[in-house]
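Here's a quick briefing on the fold and on one helix pair. Have a look at the model first.

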Amino acid sequence: MTAPAHDRLPARSQASFILGAAALLALVSTIVLGLGLPPTLEQGPYARLIAIHPPLAWAAYLAFGVTAITSVLYLWSRTRRRVWDRVAASSAEVGVVFTALTLVTGSIWGRPTWGVWWTWDARLTSTALLLALFLGYLALRGVQTDVHTRAKRSAIAALVAVVDVPVVHFSVEWWRTLHQGRSLAQLTPQSDLDGSYVAVMLLGFMAMTLVYGWLLIERYRVEALEEHFEDQGLDRALEERRAEAEAVVAR
Amino acid sequence: MWRDAALVAGKDLRIEARSRVATNQVAPFAVLVLVLFGFALDPDRGILSRASAGLFWVAVLFSALLAVQRSFAIEAVDGGGDGLRLLGLDPAGIFMGKAAAVFVELAALELLLTLGVVVLYGVDLGGAALMVATAAVATLGLAAAGTVYGALSAGLRVRETLLPLLLLPVLAPVLLSATRAWEVALGTSVDDGWRWVQLLGVFAVVYVTFGLVGFGALMEES
């Protein structure tokens with residue numbers, strides 16, 4: 001098995017602290033500047049959601065992309081390291097959060113703009129399926145089994161999920177073009193963008209990328225700590241039993 | 001590989017033929033689903049016959065879950081999975097064999113369900129070529145993806161609840177495409193049905209390839 005992990009307890013690094021501070025700063029300025037954007041004619045104040053909604057979606061794609069790449073790295077025997085499995089798991093978990101937030105912010109925008117919380121639009125439907133696919137991935141990860149088995153199966157599940165995404169996308173796209181009564185293209189915020197909107201949205205992209213990076217590092221650290229204490233917990237239990245036995249013998 | 005596949009498929013189908021689980025449990029279940037849709041949507045034949053393509057494929061999807069679960073449950077008892085590996089069969093062959101057995105079971109079930117929607121929902125069959133082509137390609141995709149995920153969740157303690165969660169979102173494109181194509185064939189929708197068959201073909205190719213390449217990695221440990 002792997003070398004004893006006792007001597008390399010992952011500590012919170014300075015880099016993570018700086019990244020976290022930068023992420024917080026970028027996030028706060030996105031929110032402040034985003035709320036300061038002028039309301040648009042068509043959508044009123046709701047157009048301001050553009051500062052966070054597309055960046056959230058981007059962060060979700062980024063997260064799942066990282067999961068896919070690290071899963072390949074784990075499956076390929078030459079690059080197989082426990083590190084890749086942990087990164088894949090951490091990134092998928094962060095990605096699920098971002099995907100859920102994308103759907104929530106989209107829904108909040110859709111209610112006043114389209115009049116409904118949910119519509120069977122192609123992009124909405126494929127995002128919801130993406131969320132379901134990765135919830136399944138996390139469920140698979142949550143199963144108690146041998147670490148290597150779990151890592152291998154999870155990596156395969158992640159790849160299958162990622163491979164499925166384009167097929168899902170095409171099917172719902174074609175499906176909706178048949179039944180779509182209203183053209184969403186007219187209603188997308190891009191049609192009435194001015195310079196300040198673009199600037200704040202770009203800031204939002206930067207902020208969400210930083211937030212993703214920070215969350216990934218911290219989640220990875222927690223994952224490593226959990227494994228560490230699991231190993232240590234077993235060792236400690238063994239020592240205790242041994243001490244008990246010795247005490248009995250001494251008596 | 002082909003010989004191994006034929007052996008595994010023959011074994012699985014023989015087990016099904018002798019244990020009669022597929023005929024005594026899975027098939028009645030599928031028909032029951034059709035009857036339940038009838039209860040839920042009123043015996044008003046208008047709604048039922050208009051929605052029959054979708055309802056048919058939902059019933060197939062549920063039955064596919066059972067068939068896949070069953071396909072890996074028979075390996076779980078008496079160390080069947082270890083036995084398969086010890087025989088030195090090609091993993092790609094095992095995948096093909098198991099998927100082929102699921103394919104045959106599902107195809108038989110689809111015949112029964114087609115009869116069911118004709119009798120229970122009052123559907124007029126039409127566009128036979130499109131219907132059969134859709135069913136064949138969709139079932140190939142279902143069997144391949146199902147076998148990959150069946151192996152993925154095999155041997156885990158929570159496999160009964162995990163498999164639907166993993167498999168159903170993956171199969172969503174199959175449900176969509178097959179339903180659309182059948183709607184065209186049954187005359188409830190006007191569209192280019194063959195376009196959907198092509199999409200189903202892409203799905204099937206993706207998962208057959210995935211199974212052929214990845215099944216070895218899944219088998220060697222469980």
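Helices (H or I, at least four residues) and strands (E, at least two) are DSSP runs here, numbered from the N terminus. On that basis, the elements of chain A run α-α-α-α-α-α-α from the N terminus on. This is a predicted model, where local features need pLDDT of at least 70, side-chain atom pairs count only at pLDDT 80 or more, and totals for chains, interfaces and linings use all residues. Residues are numbered from 1 along each chain as its sequence is written, chains are lettered from A and ligands numbered from 1 in the order written, and side-chain values use heavy atoms, with hydrogens and water left out.

**Whole chain**
- Chain A has seven helices and zero strands.
- Of the 251 residues in chain A, 42% are buried (under 20% relative accessible area, 1.4 Å probe, protein chains only).
- Take the contacts in chain A (heavy atoms within 4.5 Å) between residues at least 6 apart in sequence: 82% of them join residues at least 24 apart.

**Helix 3 against helix 7**
- Helix 3 (residues 82–114) and helix 7 (residues 195–250) of chain A pack at about 130°, axes 9 Å apart; axes are lines fitted to C-alpha atoms over the stretch in contact, with angles from 0 to 180 degrees between N-to-C directions.

Conventions
Buried means under 20% relative accessible area, exposed over 50%, partly exposed in between (1.4 Å probe, protein chains only).
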